Amino acid sequence: MLAVALAIGLAAALPASVLAHPLGNFTINHYAGIRVEPDRVLLDVVIDQAEIPTFQARFDFDTDGDASLSDEEIDAGRVTACESLAGSLALSAGGTNLTPRLTAAGLSFPLGVGGLSTMREVCSFEAPLASAIGEHGVDIAFADRSFAERTGWREIVAQGSGVTLAAGDGELRSESVSERLTHYPQDLIASPLRDQSLKVLATIGGAILPPLEVPDAKPIVTVDPAAPGAASPPAADVPTPAQAVASASAAAVVPGGVAATDLPDIFRQADLTPVVVLLSLIAAAVLGAGHALTPGHGKTLMAAYLVGTRGSARHAIGLGAAVSVSHTVGILVLAAVVLAATDVVAPDVIVRGAPLVAAVSIVVIGGWMLLGEVRRRRGATTSGHGHDHGHDHGHSHSHDHAHALDQAHPHDLDHAHPHDAGAHPHPTAIRTRRRPASPGAASSSSASQVGSSRRPAHC
């Protein structure tokens with residue numbers, strides 16, 4: 001009861017803003033904003049990774065292995081992450097491949113569910129055109145091939161500045177539906193956008209837009225040490241990594257989340273001492289007890305099973321313990337499989353396949369139990385009609401024999417006799433007619449009585 005009460009208190013104390021990622025905590029979501037200008041193409045690419053892929057990706061940025069990310073590691077990570085992403089972006093103009101150059105990058109870790117972080121990666125690229133767009137126009141094609149095996153939101157938006165765009169294939173969007181992956185529309189979460197590529201025809205002429213600004217990315221400053229008089233730019237011109245992360249987190253927060261740049265303290269313990277392990281187990285037990293109090297179809301089925309079988313409190317405790325152990329072991333096995341098979345099978349495949357396996361298992365087990373119950377009832381019906389007594393039993397009878405030939409000397413015979421109930425039929429009625437006794441009959445009756453008293457019990 002103490003654990004249950006504590007779980008309720010913790011559940012009430014948890015901030016309501018800490019929610020799971022809207023699209024699921026295994027998803028990796030994409031946004032690409034394309035701006036076509038007369039002499040260049042600008043790209044604004046955002047990658048929003050949910051809790052599970054973020055947990056794995058953080059290890060790539062943690063170069064010193066202390067389970068936390070410093071300002072220096074975040075600053076270096078934003079550049080390496082965007083440079084790695086550039087290799088998965090395909091951009092061409094008039095059939096000629098363009099090489100995007102990284103101009104700004106940002107990396108932040110908004111808070112997700114259970115104290116885990118999500119990751120927001122922002123990359124700004126510039127690709128000069130070989131020749132300015134003429135009156136005949138040019139085809140611009142773009143494709144994002146990053147994380148192709150992972151599920152998630154994929155959105156591509158295109159605008160022209162001094163250029164008019166016409167859809168070459170697919171739908172042409174000029175405004176972001178998700179506000180650059182900061183507010184996912186509720187009506188589209190069940191069926192998120194799946195934009196993989198975009199092709200537009202760009203012709204000269206059109207409104208000129210304000211300069212493109214990416215508020216959650218910090219400019220990439222490159223300094224050539226060999227250049228005469230080269231010096232680092234003033235610190236005031238470029239925000240520090242901590243400032244960049246804070247501003248990025250404030251500008252881009254997963255809906256319902258707050259900024260977070262680190263894992264909870266319990267996950268940053270490099271050495272798992274017995275005290276840390278014990279506290280972790282207690283916390284898991286408390287959170288599990290709180291979770292068990294919430295509605296769920298699994299617990300409803302278990303409750304219905306107990307009611308249907310008229311289970312006792314002892315049965316309920318045993319069933320609850322079995323469910324707790326199997327649930328915990330199942331989660332640990334699933335986590336181990338997901339982490340171990342990441343290089344072979346995408347976690348999304350495992351996560352999508354697990355419910356299918358569970359559903360098939362439930363149907364098979366339920367069908368097996370139903371078949372067993374049908375057989376049991378048929379057996380009970382068959383055994384209740386038209387069967388022979390094949391069992392031996394002993395019983396004691398008190399017979400009041402009113403011998404027809406001796407009314408003067410009635411006697412009781414108490415005798416026990418084992419007999420096979422199936423060996424002889426039981427008469428439905430025994431009728432004894434009494435006749436007037438005669439002297440001869442009386443004597444023979446006496447003799448019969450003496451003889452019968454000497455005989456052993458009959459069968």
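**Exercise 1. Find the disulfide and describe its link.**

Cys82 and Cys123 form a disulfide, with 2.0 Å between their sulfur atoms. The rule asks for a pair of cysteine sulfur atoms within 2.5 Å, and by this rule the count is 1 disulfide. Next, look at where the partners sit: Cys82 belongs to helix H3 (residues 71-86) and Cys123 to strand S6 (residues 119-128), so the pair links distant parts of the chain, 41 residues apart. Helices (H or I, at least four residues) and strands (E, at least two) are DSSP runs, numbered from the N terminus. Then take the angle: -85° about the S-S bond makes the link of Cys82 and Cys123 left-handed. Finally, both Cys82 and Cys123 are buried, meaning under 20% relative accessible area (1.4 Å probe, protein chains only).

A word on the model: it is predicted, local features need pLDDT of at least 70, side-chain atom pairs count only at pLDDT 80 or more, and totals for chains, interfaces and linings use all residues. Residues are numbered from 1 along each chain as its sequence is written, and side-chain values use heavy atoms, leaving out hydrogens and water.

**Exercise 2. Explore the largest nonpolar core.**

Start with its size: the largest nonpolar core has 32 residues. Such a core is a set of buried Ala, Val, Leu, Ile, Met, Phe, Trp, Tyr and Cys residues joined through side-chain atoms within 4.5 Å. Now pick out the residues with the most contacts inside this core: Ile34 and Ile140. Another core lies apart from it, with 12 residues, including Trp153 and Tyr184.

**Exercise 3. Place the elements in the whole chain.**

Count 9 helices and 15 strands in the protein chain. Of its 459 residues, 30% count as buried.

Note on methods: Buried < 20%, exposed > 50% of the residue type's maximum accessible area, 1.4 Å probe, protein only.
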